[in-house]
Structure formats: structure tokens, C-alpha cells
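User: Could you take a close look at one loop in this model and then work outwards to the packing around the rest? Please spell out the cut-offs as you go.

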Amino acid sequence: MTNTLHIIGGGLAGSEAAWGAAERGVRVVLHEMRPVRQTDAHATDGFAELVCSNSFRSDDWENNAVGLLHEEMRRAGSLILRAADTHKLPAGGALAVDREGFSAAITEAITNHPRIEIRREEVDGLPPPDWASTIIATGPLTAPSLANAIRETTGEDSLSFFDAIAPIVHRESINTDIAWFQSRYDKVGPGGGDADYLNCPLDQEQYRAFIAALLAGEKTEFKEWEKSTPYFEGCLPIEVMASRGEDTLRFGPMKPVGLADPRTGYRPYAVVQLRQDNALGTLWNMVGFQTKLKHGEQTRIFRMIPGLENASFARLGGLHRNTFINSPRLLDAQLRLKARPQIRFAGQITGVEGYVESAAIGLLAGRFAAAELLGEVCAPPPATTALGALLAHISGGADEKTFQPMNVNFGLFPEIAGRGKDRKKALSHRALADLEAWLGTSRRAAE
């Protein structure tokens, strides 16, 4: 068992790490507490279950940092991207997936891998001494007992923020006499469609009434110890955005740019977009509508939206507390815990935000751990790549005093000449060239 890699957590990061390490010849034991112990957000015991949005965001590798991360992970043999590509849905320029098919594919791949053993059990403390190598990939909903053990070992309090879940609507209950299909600027997505979103228009009076209802609606009450916990700025509840000014939502998730209501031929004052959430097209996700409204209030207020007046909700929005460690202070460039180097961390618990970012850190942790167990050297990817830029940020690039969750973005990359789209393309092409060189070095080291 001394050369076995133990991975705690079967989410996106844990699944990616397990697959990558096993593919490199390492025996893996994957510990997943569901269904022995469920979380407040998960509904199944499947691996890599998507509990919030079904979108992996932009798939444009030349002009968007997360799209570049997609492409890098594909080239690095990512199981998560392979499943996402297999189960993708129409979503304009984004990569969205059928969440059930996606999780089922990951679960099947992990379950059937000859070098992966699955143990359905909760690990309630740090690994025992006879576990030579461990990756903790328990995500933002780490069980309290394990979180306490991490705090005791590191001497650091974990940092937290609230993450909200957007509602899902039954397609048959959407009034398409009002709502219409269109992508912003009629942009063609990966599936070839240019009308991948359902759009519900609001005029100025309807918009103002909706904002007033959001602000007055009854919200989830926080416990006393939760009140000082900050939100992640990239995933704010709509009520919090609305409280920042009447036009905040109209310049955010309800922006009407690039759209024209076919009934009038004009751009509406504001719009609510819905994106397909399953392969059958029967479920649609309210884009950017994560919320902490109580369930009864959600039904009442969201039915004020034209086109959703008779909406039937397959899932209402929710709120859960996410936990992450102060990675710049606690982890080295190989994602090892400085206080106990045989332990690595991966996924959202490291302070990356987003499905793809979580899986990316899992991919790296699996590679690093496998190389170490096999007596090989696996250098971190260059900081000029999306993988390397994200890793560099959480392992020392960020200020440990103000560290907060971060999506991948071009601001994390070393500078390059150029401006605007030319600069983004230059960054992206440099990244893929440097990634290929890194992958080539990794392949040679494994031979």
C-alpha cells in the first residue's frame, strides 16, 4: 500500500486526479463519502456531480482564458473535458453539458478503471501515517471533522464564502409566445446553433417592479457565525446585485445587448436568459439567477418575468457555505501541504473558482502525485499556460493576506505585446506552444 495514492473526494477534481494518476500506472484508492453521508447541495452519489450551473463557460480558446483552459486540458488527456465534449448541449459560445449524462460517464470511467478502487466512506481526519501520498479534493463542502483536522494541522482558520444555486425550469411551462430563441449577436456556438438561449423580455416598468420585488422578498436567514462570510464576486445572488443599484442587473445577467424581441424588432429594456440543462431539452437553467430567496418567494417573484408567468420549477435556487484554505500560505508549487508534504490539495478547496478550474487543479495534483510515487520528476507547467497561471496564483502568486477564490483569467498570465483581441490571441497561442513543450517533457520523463 506504500505506493498507493489515496484521494479523498469524488467531485470534479478528485475524479480528474484519480483518472490521471491511474492512467500513469499508479494504484488509486478513491474515498467518497456519498451516499454514506450526503451534503446539503448534492442529489446523487455519482462522481463529478454538477450541483450549480451546467455550464463550463466559454469554449473559445483564442479569446477567453477558460476556453484556453479547456483546450489545454483536452491536450493533457482530461477525463472531465472528454465527458463534457461527449455530453455537450447547445449553449452559444459556451460549453454546457447534460449534467446526468456527464456524471454517469465519469462514474462509469472511474468505476471500471482496473487501477482505481472505490471506497464509499467518510474520512473524518487527516490521513494516517501509512498513506504515503494523499490528495484532499473534498471541495467547498468539506465535512466539518476533516475541516477541523486541517485547521489544527495548519494553524490556520479556513476562509469561507457563500455560493448560490440558480433555479431550473421545465421547458413545457415556458411561454414561447413571449420568450424567443436567440444567442447574443446570433453568435454560433460549438454545436453550430445561433439560437441556443430562451430570452424573456422586460420593459422598463416590468423591470423596476421585478427589482422592487427582489429587494422586498424574504431571504434565507444566516446563522450568527455566517454573517461575516463574504460572497464570491463572480457568483453573487441576484438580490445582492440588485441592492447595489437599480441598473446593476440590467448591466449584468439581465443585459439585453445583442438581442432583439421578434415581436417588436427592438432590443428589450432587460432580459432573462435560460440555457438548456439536459440532453432532452426539457430542463432550462435561469442564467446568472443564483439566489438566496426563500423557495415560496422564488416561485412568486420569478413568475413576474414575462414568459415565466406559469413556470414550473424542477429545482429552486439555494445557498450553501463554501470553504477553502489559504493556499498561497499553505501549499507549495506541487500542491503539497507545507506542514505535511505527503498531503496534496486539489479543486475548489484550494481557492480556485469554477468547475473547469477545479478539475484543472485535480489534473495537476494527480500528475504530481503519480510522478512522485513512480520516482519521476514532473515540473509545474509554465506560468504562460492557463494551467500554470492558475497554479502559480494559488501557490504563491496571490497575496495571502487578501486571498479570495479566483476564476482563470488573462490577468494571471505573464505580459505579452499587443492589445485587446490581438493580445488575447497572442497569449493563447503562446500558451499552447508552451503547453506542448511541457507535455513533451512529461511524456519523455514517463518513458
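Analyst: Let's start with Ala 195, which counts as partly exposed at 31% relative accessibility; that label covers what lies between buried (under 20% relative accessible area) and exposed (over 50%), using a 1.4 Å probe and protein chains only. Bear in mind that this is a predicted model, where local features need pLDDT of at least 70 and side-chain atom pairs count only at pLDDT 80 or more, while totals for chains, interfaces and linings use all residues. Residues are numbered from 1 along each chain as its sequence is written, and side-chain values use heavy atoms, with hydrogens and water left out.

Ala 195 is in the loop between E10 and E11. Helices (H or I, at least four residues) and strands (E, at least two) are DSSP runs, numbered from the N terminus. Leaving aside neighbours within four places in sequence, Ala 195 is in contact (heavy atoms within 4.5 Å) with Phe 181, Gln 182 and Ser 183. Arg 184 is 11 residues from Ala 195 in sequence and 8.3 Å away in space, C-alpha to C-alpha. That loop also holds Tyr 185, whose phi is positive, about 60°, although Tyr 185 is not a glycine. Tyr 185 is exposed, with a relative accessible area of 61%.

On to the strands that flank the loop. E10 and strand E11 (residues 197-202) run antiparallel and are joined by two bridges; two strands pair if DSSP finds at least two bridges between them. Phe 181, one of the contacts of Ala 195, has Leu 198 as its bridge partner in E11. Both strands belong to an open, antiparallel sheet of six strands, ordered E10-E11-E12-E13-E9-E14. Its edges are E10 (180-181) and E14 (313-315), each pairing on one side only.

Now a loop elsewhere, for contrast. Ala 48 is in the loop between E2 (28-32) and E3 (55-58), and has a positive phi of about 55° although it is not a glycine. Ala 48 is buried, with a relative accessible area of 0%. Among the contacts of Phe 102, beyond four places in sequence, are Ala 48, Leu 12, Phe 56 and Ile 80.

Phe 102 and Phe 56 have the most contacts inside the largest nonpolar core, which has 92 residues. Such a core is a set of buried Ala, Val, Leu, Ile, Met, Phe, Trp, Tyr and Cys residues joined through side-chain atoms within 4.5 Å. Helix H10 (residues 355-373) gives the most to this core, with 13 residues. A second, separate core of 33 residues includes Phe 162, Cys 200, Ile 238 and Ile 305.

Phe 102 also turns up in helix packing. Helices H1 (residues 12-23) and H4 (residues 99-112) pack at about 35°, their axes 10 Å apart; axes are lines fitted to C-alpha atoms, for helices over the stretch in contact, and angles run from 0 to 180 degrees between N-to-C directions. The contact uses Leu 12, Ser 15, Ala 18 and Trp 19 from H1, and Phe 102, Ile 106, Ala 109 and Ile 110 from H4.

Ile 80 takes us to helix H3 (residues 79-86), where Leu 79, Ile 80, Leu 81, Ala 83 and Ala 84 are buried. At the start of H3, a side-chain oxygen of Ser 78 comes within 3.2 Å of the backbone nitrogen of Ile 80.

Key
Polar contact = N/O pair within 3.5 Å; in protein donor to acceptor, adjacent residues only side chain to side chain.
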